[in-house]
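Thanks for coming. I will take a few minutes on one model, going from a sheet to a helix to a chain contact.

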Amino acid sequence: MKKNITINLQGRLYAFDEDAYELLKRYTDSLRNYFARSEGGEEIADDIESRIVELFDEQKRNGAETVTIEQMESIIHRIGNPGEMDGATSDTSDEGDNPEREDAPSSAGEQEEASIRQKRLYRNPADRKFMGVLSGFAAYLGGDVLFYRLGFVLLSLFFMFADGLRWVLLFVLLYAVFAMLMPVADTPEERLRMKGKKVNPQNLADEVSQAVRVKSGETPTGCIASFFFMLGVFGRGCIYSIGIMLAVFLLCGVGIFIAFMTLTSEELVKSILGDDNIWLFISDSSALSFFAALAVIILLVIPAYCIIHSLFTNFKQLKPMSFRLRLSLLIVWIVAFVATIIAGTRLVGRHDVWCAKHTEYRRAKNTHDGIYYMPHEWNFLSIRGWRVTLAENCNDRYTAVGQYYTGDPTVRYIDNWDDAHRQRFTIRRYEHLMPGTYRISGCVRAEGQGACIFVRLGAKSPAECYEIPADNNMGGNIWAEAVAKRDSILRRGEVRDSLELERLSAIAAANGARGFGWNRITLPDITIKKPQALYYGITTDPELTGRTWLGRWFSACDFTLERISKK
Amino acid sequence: MDVNNVKSQMRKGMLEYCILLLLKREEAYASDIIRQLQEAELLVVEGTLYPLLTRLKNAGLLSYQWQESTQGPPRKYYALTESGEQFLLELDRAWGELTTTVNYLKVQ
């Protein structure tokens, strides 16, 4: 099937095949160009055009409805190319200084010469992968375009692996520059020049009929147009890949969501999402979860599909959606939207109920002796044998990190605070001891007076209290000792134990070389005569200490109980 | 030396003379002239005629007038001018001399 066009020639209408018209136009243009410089050239061209029209009429009378490329070729053959026409008088009229007016070359040698002279570097849109640059080079330099393309890709890949991605950018940039600078072989004449063939009616006719066979497609011709075309392709490429990535992510997410929703396996979900997110999947009716998931998926997938579809449509790879399809997609989407809202509300309601239950459950699970611990704090304290026996106004927090005396921000220590000075807190260890002499020591600090280390023999006897120095969070004897020891080692100039020096330096450097206020306290030795229980710990309880707690916080760590003799 | 080449050179040389001869008989338009020249095998490609006609007209040897046609657009009908007739007489004389020379050479 050929495209057909109707042309008005000298007041009459003629139907042309597209390629035939193309050829006619080339031919008359070449005539006009040829005769343009001779006297009355315009008239000659007009007369010849009338003759062509006359021949069309003749063919019309013979029953040809449209002018075909074959008919056009035979007409051109009949009328001849401009060089032939002028041959009779060329030696008598012009001087022949116009190279285009030379007679058709009569020998092969001359033709060869002409072809070398006339070959030009064009972009070739008739055989293009992108803009036809490499194809143009292949036509200019000779050889199969396949090898140029292979060479281009392989060379850029080679340099990329050898020296990084910038080489690919360089190649792409080079290509873009050439694409912008090289003219496009758009017309049959230009294609002939690109191939180095002589521009004459016979070749033109061949070229025109060939061009119909190799449909060239659209490619911009100008330098700036090329630039924007490439920019556009690049931009579309980006949007394209983003769209595809989005789609992939969406589909993956949706897939996982479906899997979870439909499985509603509590154990699996717990292991992947953790305790706190399990509400999503705890359902008395898994049908509700399933429909909610389905609705959400449809809600997401339909717009995503539409976006991707429109991207592809812009890229001329898909037809736009039909109205019926659009309408049904819209209806399905609205249904999904409503379903999502309904199912979502019900799920949210369920979530609230579950959250309350969950809090209750968690509270119960982490409460020991009536005191609620964060799980990690419970682990920390219980492993070390510490037990909280009194906790009022403690914010449910019994330990902290960040101000350990070595400056190590990960070391955890006992810590308690209440900004209103109201907390009453007791934490203790219990040991059953054989007779002997024992020594307790530990590191402590406090913001204000009233926090004590206490020791008690047996459950009933009164406790002995030793107040923690209120150095706040600066200095402290641990820091002061470390500074002094470090300085003396440095003064001696001879380091026997570099590890020890390192440890001292770390302590001295803590809190911007000011210390965190930690003091190492060693209690008076305790002598036990018979096997007996020993309790010791830290407290702010006025009933135990007989003092009023004035600070907001205190800290403790590194408590040791040592048996220093068996008596 | 190609015989066809020489023949076409001879025809080309005669072309203007023949056109003037044709137009002396009766005025004609380009396609008539083409048909008659082709019958006489004087014309290879039709396009050759048009530059010649224009040159002859520009030299004042021919004139034309537009005439309506029943089969298409108006046509240019060419006719000899006075100076064209003079020119043709000169050419007749030259042709006579040529044929005499050629015949003389042939007989010898």
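Two strands count as paired if DSSP finds at least two bridges between them. Keep in mind throughout that this is a predicted model.

With that rule, chain A has an open sheet of three strands, in the order 1-2-3, with mixed pairing. Strand 1 (4-9) and strand 3 (66-67) of chain A are the edge strands, each pairing on one side only. Strand 2 of chain A, residues 12-17, runs parallel to strand 3 of chain A, and two bridges join them. As for individual residues, Ala15(A) has Thr66(A) as its bridge partner in strand 3 of chain A. Helix 1 of chain A, residues 18-35, packs on this sheet and touches strand 1, strand 2 and strand 3 of chain A. The direction of helix 1 makes about 110° with that of strand 2 of chain A.

Next, helix 14 of chain A, residues 323-365. At 1.5 Å a residue, its 43 residues should span 63 Å, and the end C-alpha atoms are 59 Å apart, which agrees. Is helix 14 of chain A largely buried or in the open? The number buried is two of the 43 residues, so helix 14 lies largely in the open.

Last, the two chains. In chain A, 22 residues are in contact with 17 residues of chain B. On the chain A side, the elements giving two or more residues are helix 2 (41-61), helix 3 (69-79) and helix 4 (82-86) of chain A. Helix 2 of chain A gives the most, with nine residues. By type, the chain A side that touches chain B has nine charged, seven polar and six nonpolar residues.

Terms used
Residues numbered from 1 in each chain as written. Chains lettered and ligands numbered in written order. Predicted model: local features only at pLDDT ≥ 70, side-chain atom pairs only at ≥ 80, totals over all residues. Helix = DSSP H or I, 4+ residues; strand = E, 2+ residues; numbered from the N terminus. Expected span 1.5 Å × (residues − 1). Buried ≥ 20, exposed ≤ 12 C-beta atoms within 10 Å, placed from the backbone. Contact = placed C-beta atoms within 7 Å. Nonpolar A, V, L, I, M, F, W, Y, C, P; charged D, E, K, R; others polar. Axes fitted to C-alpha atoms, helices over the stretch in contact; angles between N-to-C directions.
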